Amino acid sequence: MLTRRKGALPVGSVGAGGTSYRREFSAWVLLGFLHVLLWTKFSELRSRYSPHRSALTWVGGHPPISREAKCWCSADSDGDESSTFLRGDAMAPTSQSPQCTPSLAIDAILTSGHDHIWLVERKDTSQYACMGGFVELNESAEEAVLRELEEETGVALTRDEANPKFFGLYSDPRRDNRRPTASIIYVLDIPLSYKPKGGDDAKGVKRVALADIDHLDFFADHLTILLDYRESTKKLFLLDQKRACACEG
């Protein structure tokens, strides 16, 4: 008959040392998992609520958080209008032109009288927008304004007639869902004798009072741009009033 040696453990049992080791190992695995989970959450919150981001108040169509930057590649002059997005570390086909910096665009605030503006209704999103587009090769930003004005509204003006005035530069990477863009904003006054009509990628053109823009659905950050413009006109109006009162006094 087999007898168990004194002090020996039964077959299949684990010693106290082995049990303690497994418990310690499990605790370290759980601690590591919690560490990764907390760090991931912390990184997300830091990106979303960093001092730089929280200092900005967006009222337009900005995405809520930043996203990975990508290169944009468009076809050359082979007639292909297609475009594709590539990661920053990807190789673009030789038949395409990679662009890994923000695209340069222009947008124009088309004034019509003292307190009205012309807005373009986009074909792709059916949202309202300032007239604008991307600056092409071999043209200046001012030339792009005049070209886009004629293409989108049918209004053909010379540079002297349009007299585009620089208003600002909007370049936050979140401003456009398609890709990072930097847009130069101009202000142009459209004579009341002109009646703009939608053309190119514009479904229509509408004359809107500045006081009514808050309730419209805008493309990208164009509501931000127009609210900034409206606020600037209020400040100029108050300044003119003060000057007028000083002259009368």
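Buried here means under 20% relative accessible area, exposed means over 50%, and partly exposed is whatever falls in between, with a 1.4 Å probe and protein chains only.

A quick word on the ground rules. This is a predicted model, where local features need pLDDT of at least 70, side-chain atom pairs count only at pLDDT 80 or more, and totals for chains, interfaces and linings use all residues. Residues are numbered from 1 along each chain as its sequence is written, and side-chain values use heavy atoms, with hydrogens and water left out.

**Rings**

There are 2 aromatic pairs in the structure. To pair, rings of Phe, Tyr and Trp (its six-membered ring) need centres within 6.5 Å; planes under 30 degrees apart are called stacked, over 60 edge-to-face, and the rest tilted. F166 and Y186 form an edge-to-face pair because their planes stand at 80°, with the ring centres 6.4 Å apart. F166 sits in strand β8 (residues 165-170) and Y186 in strand β9 (residues 181-189), so to speak distant parts of the chain, 20 residues apart. Helices (H or I, at least four residues) and strands (E, at least two) are DSSP runs, numbered from the N terminus.

F167 is partly exposed, at 25% relative accessible area, and Y229 is buried at 12%.

| Pair | Centre to centre | Angle between planes |
|---|---|---|
| F166 and Y186 | 6.4 Å | 80° |

Two asparagines turn up with positive phi. N138 has phi near 65°, a positive value in a residue other than glycine. You'll find N138 in the loop between β7 (131-134) and α3 (141-153), and it is exposed at 83% relative accessible area. For N163, phi is near 45°, also positive without being glycine. N163 lies in the loop between α4 (159-162) and β8, and is partly exposed at 41%.

**Surface and interior**

L30, F33, L34 and L37 make a nonpolar surface patch of about 400 Å². F33 lies in helix α1 (residues 16-48) and is exposed, with a relative accessible area of 54%.

What about the buried spots? S103 is in strand β4 (residues 103-111) and counts as buried at 4% relative accessibility. Which residues touch S103, leaving aside its neighbours within four places in sequence? They are F134, R179, P180, T181 and A182, where contact means heavy atoms within 4.5 Å. L223, in helix α5, is likewise buried, at 10% relative accessible area. L223 and Y128 are 95 residues apart in sequence, yet their C-alpha atoms are 9.1 Å apart in space.

Notes. Patches are made of residues with over 30% relative accessible area and no salt bridge: like charges are joined within 9 Å, nonpolar side chains (Val, Leu, Ile, Met, Phe, Trp, Tyr) within 5 Å. Accessible areas come from the Shrake-Rupley method with a 1.4 Å probe; for residues, only the protein chains shown count as cover. A salt bridge is a side-chain nitrogen of Lys or Arg within 4 Å of a carboxyl oxygen of Asp or Glu.
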